[in-house]
Amino acid sequence: MKLNLTNIKKAYFSGGCFWGVEYYFQKVAGVKSVISGYMGGFIENPTYEIVCSGFSGHLETIEVEFDETIVSFEKLAKLFFEIHDFTQINGQGPDIGSQYLSAIFYSDIEQKTISENLIKELENKGFKVATTLYEKGIFYKAEEYHQNYYERHNKVPYCHSYRKIF
């Protein structure tokens, strides 16, 4: 069976340490790959050390490649909100700093609209949403030792957990 590349899309989520976000998205049917990296900053080819300094403007971000005939962007975005504290303004759990902020980098107007609608739905449920939306920029893949971190180390996330909201 030939893969139809027109059904393959990308989404970008920042929800604290990329290890935990990557962990949950790798388990979703229809997700083809998850890559940990950096987005949103102003320095080309950032390293983990420069991102951790807080001076590059980057957020730890995952790139999710998915087959939209199997899983929708909306389902992925809902999962994103359900695996991290989207109300925390200064990081995620014990990870404090600008590189750990909650954000969605949308690839097109449809992703932006879906994200805006989900934020409105959360606000209507009484949540004060700290997640920001940005147009997708250049995604830089993180160093190899960050990829598949929890899988390779046989561990589970320390500051991400699933809770049903939608």
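Colleague: Which residues have the most contacts inside the largest nonpolar core?

Modeller: A nonpolar core is a set of buried Ala, Val, Leu, Ile, Met, Phe, Trp, Tyr and Cys residues joined through side-chain atoms within 4.5 Å. Buried means under 20% relative accessible area, exposed over 50%, partly exposed in between (1.4 Å probe, protein chains only). The largest such core has 39 residues. Those with the most contacts inside it are Phe13, Phe25, Val64, Leu76 and Phe81.

Colleague: What kind of model is this, and how are residues numbered?

Modeller: This is a predicted model: local features need pLDDT of at least 70, side-chain atom pairs count only at pLDDT 80 or more, and totals for chains, interfaces and linings use all residues. Side-chain values use heavy atoms, without hydrogens and water, and residues are numbered from 1 along each chain as its sequence is written.

Colleague: How many residues of helix H1 are buried?

Modeller: Helices (H or I, at least four residues) and strands (E, at least two) are DSSP runs, numbered from the N terminus. H1 spans residues 18-25 and is largely enclosed by the rest of the structure. Its buried residues include Trp19, Glu22 and Phe25.

Colleague: What covers the buried residues of H1?

Modeller: Both strands and helices take part. The cover includes strand S1 (8-15), strand S2 (31-39), helix H2 (48-52), S3, helix H3 (73-82) and helix H5 (149-153).

Colleague: Is Thr61 buried or exposed?

Modeller: Thr61 sits in strand S3 (residues 59-67). Contact means heavy atoms within 4.5 Å. Thr61 touches Phe18, Ile35 and Phe139, among them, not counting residues up to four places away in sequence. Its relative accessible area is 0%, so Thr61 is buried.

Colleague: Which side chain does that of Thr61 join in a polar contact?

Modeller: A polar contact is a pair of N or O atoms within 3.5 Å; within protein, one must be able to donate a hydrogen and the other to accept it, and residues adjacent in sequence count only if both atoms are side-chain atoms. The Thr61 side chain also reaches the backbone oxygen of Leu59 at 2.9 Å. The side-chain partner, at 2.7 Å, is Ser14.

Colleague: How many disulfides does the structure hold?

Modeller: A disulfide is a pair of cysteine sulfur atoms within 2.5 Å. Cys17 is buried, with a relative accessible area of 6%. Cys52 is in no disulfide; the nearest cysteine sulfur, that of Cys17, is 9.0 Å away. The number of disulfides is zero.
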